[in-house]
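Here is a walk through one protein model. Keep the sequence and the 3D view side by side as you read.

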Amino acid sequence: MYQVVMLNDDFTPMEFVIEVLQHFFGKSREAATQIMLKIHLDGKGVCGVYSHEIAETKVAQVMDAANGAGHPLQAVSEPVE
């Protein structure tokens with residue numbers, strides 16, 4: 001299994017991160033806000049755990065949405081340890 005991890009930056013609006021978490025990861029507003037705060041405070045946060053193929057698709061969706069909106073938001077997938 002692979003976890004999708006979003007990385008903090010100083011430019012992407014917090015509201016955009018919340019919207020991405022709700023749209024692509026099916027998080028409630030409350031859960032998305034908590035994950036966004038973890039990303040902001042800790043430098044990264046886990047968005048979800050998926051099979052390798054689905055995790056890579058989620059990363060691509062996040063990156064496409066961020067690029068389309070002009071934000072430098074980054075997401076990666078990494079094996080769950």
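The paragraphs below go from the sheet to the helices, then to salt bridges, single residues and a surface patch.

Bear in mind that this is a predicted model. Start with the sheet. It is open and has three strands, in the order β2-β1-β3. The pairing is antiparallel. Strands of a sheet pair through backbone hydrogen bonds, and the pairing may be parallel or antiparallel. Here β2, residues 44-50, and β3, residues 74-79, are the edge strands. Each of them pairs on one side only. From one strand to the next, the twist averages 25°.

Now take the pairings one at a time. Strand β1 covers residues 2-7. Its pairing with β3 is antiparallel and runs over six bridges. Met6 has Ala75 of β3 as its bridge partner. Val4 stands opposite Ser77, again in β3. Then turn to the other neighbour. β1 and β2 also pair in the antiparallel sense, over six bridges. Look for Val5 here: it stands opposite Val46 in β2.

Next come the helices. Helix α1 spans residues 14-25 and lies across β1 and β2. Its direction is at about 160° to β1. Helix α2, residues 29-42, lies across β1 and β2 as well. This helix runs at about 135° to β2. Helix α3 takes up residues 52-69.

How many salt bridges are there? The count comes to two. One joins the side chains of Glu15 and Arg29, with 2.8 Å from N to O. This pair links distant parts of the chain. Glu15 sits in helix α1 and Arg29 in helix α2, 14 residues apart. Are these two residues buried, partly exposed or exposed? Glu15 is partly exposed, because its relative accessible area is 35%. Arg29 is partly exposed too, at 38%.

The other salt bridge is between the side chains of Asp42 and Lys38, at 2.6 Å from N to O. Both residues belong to helix α2. They are four residues apart, so about one helical turn separates them. Asp42 has 51% relative accessibility and therefore counts as exposed; the cut-off for that class is over 50%. Lys38, with a relative accessible area of 42%, is partly exposed.

Which residues does Met14 contact, leaving aside its neighbours within four places in sequence? They are Met36 and His40.

Compare Phe11, eleven residues from Gln22 in sequence: the C-alpha atoms are 20 Å apart.

Move on to Val59, which is in helix α3. Is this residue buried or exposed? Val59 is buried, because its relative accessible area is 11%, and buried means under 20%. Neighbours within four places in sequence aside, Val59 is in contact with Val4, Ala75, Val76 and Ser77. Some of these names have come up before. Val4 and Ser77 stand opposite each other, and Ala75 is the bridge partner of Met6. Thr12 is 47 residues from Val59 along the chain, and their C-alpha atoms are separated by 16 Å.

Met1, Val46, Val49 and Val80 make a nonpolar patch of about 340 Å². Val46 is the residue that stands opposite Val5. Val80 has its place in the segment after β3. With 39% relative accessibility, Val80 counts as partly exposed. Patches are made of residues with over 30% relative accessible area.

Terms used. Residues are numbered from 1 along each chain as its sequence is written. This is a predicted model: local features need pLDDT of at least 70, side-chain atom pairs count only at pLDDT 80 or more; totals for chains, interfaces and linings use all residues. Side-chain values use heavy atoms; hydrogens and water are left out. Two strands pair if DSSP finds at least two bridges between them. Helices (H or I, at least four residues) and strands (E, at least two) are DSSP runs, numbered from the N terminus. Axes are lines fitted to C-alpha atoms, for helices over the stretch in contact, and angles run from 0 to 180 degrees between N-to-C directions. Contact means heavy atoms within 4.5 Å. Patches are made of residues with over 30% relative accessible area and no salt bridge: like charges are joined within 9 Å, nonpolar side chains (Val, Leu, Ile, Met, Phe, Trp, Tyr) within 5 Å. Accessible areas come from the Shrake-Rupley method with a 1.4 Å probe; for residues, only the protein chains shown count as cover. A salt bridge is a side-chain nitrogen of Lys or Arg within 4 Å of a carboxyl oxygen of Asp or Glu. Buried means under 20% relative accessible area, exposed over 50%, partly exposed in between (1.4 Å probe, protein chains only).
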